[in-house]
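Me: I'm new to reading protein structures. Could you walk me through one, feature by feature?

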Amino acid sequence: MDNAKHKLYIKTEHNKEYQQLVEQQALPDLEITKNPDEASILLASPPLIKDSLDQFANLDWVQSVYAGVDALIAASSSKEYTLTNVKGIFGQQISEYVLGYVISHQRHFALYAQQQAKREWQPHLYTSLNNQTLVVLGTGSIGAYLAEKAGALGLKTIGINRSGIPPRHSPFSEVFHIQEIEKAFNQADIIVNTLPSTEQTYHLLNQTTLAYAHNALLFNVGRGSVLDQSVLTAVLDAGHIAHAFLDVFEYEPLDKTSELWSHPSVTITPHIAALSFPTQVVEIFAENYLLWRDGFSLNNQVSFSKGY
């Protein structure tokens, strides 16, 4: 890259905050523009720009403010650009979400809240997390972080990935190949999906695979398309899944007519298990910008063919 000013266009749900944070970084040779035609860099939320990429005639690089870039992978565009996402900042939040809900469920916290409202004193037996088995689909940064924190609470952790090979410095007790999903689910007390949306992961959690489980808790905090929502009621009623905690859906927001809203064994949250905090995103962007400006390879580059 030469020393000419590079133009950044920001398109997120929090433009003002992102602009202030980028300006505070005082990045060399970078200007923020309101004109799409001038921009060579986009800092953006994929759903907000997926239908307007053609407005950016000089686009070279898109820095997503999300980990998920499904909207851009699916967007039909002839433009060639480098796409990067954010990684390494969601493990803590996902772990808090999953472990928080698991503990609340196992210790009957919601039930005790109901009893308190009725001034009712009634203790209930509960299950400790110690020696329970957590199966995590995906052994990347989020899955590995969750396994580490879960292990500290005494859970046995099993990872599932495409290779069957544990990640470096693996926190998992065992790692199974995706083709061994039956063996893993047979042992599972808790199943957590952290996988991206790809052709290979589409409806991986379906009538057949979920039937391998026995009264397990199911969390979907990865991508909505990994779970076939149409079979969820059946596997819940059959006892394969005891309770489903769903933060992501194939189509968002979840249709108000969906039976999942009122199912007693389903907990729905509006895609909030892990948020992209602007301060963290801008730190990632700033590091990448300096690499991009100096002609180096960018961190967290997305493969359009793989989808992640």
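Reply: Let's go from the whole chain down to single residues. This is a predicted model, so local features need pLDDT of at least 70 and side-chain atom pairs count only at pLDDT 80 or more, while totals for chains, interfaces and linings use all residues. Residues are numbered from 1 along each chain as its sequence is written, and side-chain values use heavy atoms, with hydrogens and water left out.

Me: Where do I start: how many helices and strands are there in the protein chain?
Reply: Helices (H or I, at least four residues) and strands (E, at least two) are DSSP runs, numbered from the N terminus. Here the protein chain has 10 helices and 12 strands.

Me: What does the radius of gyration say about the protein chain?
Reply: The radius is taken over C-alpha atoms, and the globule rule is 2.2 Å times the number of residues to the power 0.38. For 308 residues, a compact globule would come out near 19 Å; the protein chain has 22 Å, which agrees. Along its principal axes, the C-alpha trace spans about 70 × 45 × 35 Å.

Me: What share of the residues is buried?
Reply: Buried means under 20% relative accessible area, exposed means over 50%, and partly exposed is in between (1.4 Å probe, protein chains only). In this chain, buried residues make up 47% of the 308 residues. Strand E11 (residues 241-246) is mostly covered, with 5 of its 6 residues buried.

Me: And which strand is joined to E11?
Reply: Two strands pair if DSSP finds at least two bridges between them. Strand E10 (residues 216-220) is joined to E11 by 5 bridges, and the two run parallel.

Me: You mentioned salt bridges. How many does the structure hold?
Reply: A salt bridge is a side-chain nitrogen of Lys or Arg within 4 Å of a carboxyl oxygen of Asp or Glu. The structure holds 8 salt bridges. One of them links Lys50 and Asp51, whose closest N and O atoms are 3.1 Å apart. Lys50 is partly exposed at 33%, while Asp51 is exposed at 72%. Another joins Arg293 to Asp294 at 3.3 Å; Arg293 is buried at 17% and Asp294 is partly exposed at 44%.

Me: What should I look for in the backbone?
Reply: Most residues other than glycine have a negative phi, and most peptide bonds are trans. Now look at His169, which has a positive phi of about 55° although it isn't a glycine. His169 lies in the loop between strand E7 (156-161) and strand E8 (174-177), and is exposed at 71%. His271 also has a positive phi, near 55°. You'll find His271 in the loop between E12 and helix H10 (278-293), partly exposed at 34%.

Me: Where is there a cis peptide bond?
Reply: Check the bond from Glu252 to Pro253: it is cis, with omega near 0°. Pro253 lies in the loop between E11 and strand E12 (266-268).

Me: Last one: which residues is Gln187 in contact with?
Reply: Contact means heavy atoms within 4.5 Å. Leaving aside neighbours within four places in sequence, Gln187 touches Thr133, Lys156, Ile158, Glu174 and Phe176. Gln187 lies in helix H7 (residues 181-187) and is partly exposed at 27%. Over the protein chain, residues 24 or more positions apart account for 60% of the contacts with a separation of 6 or more.
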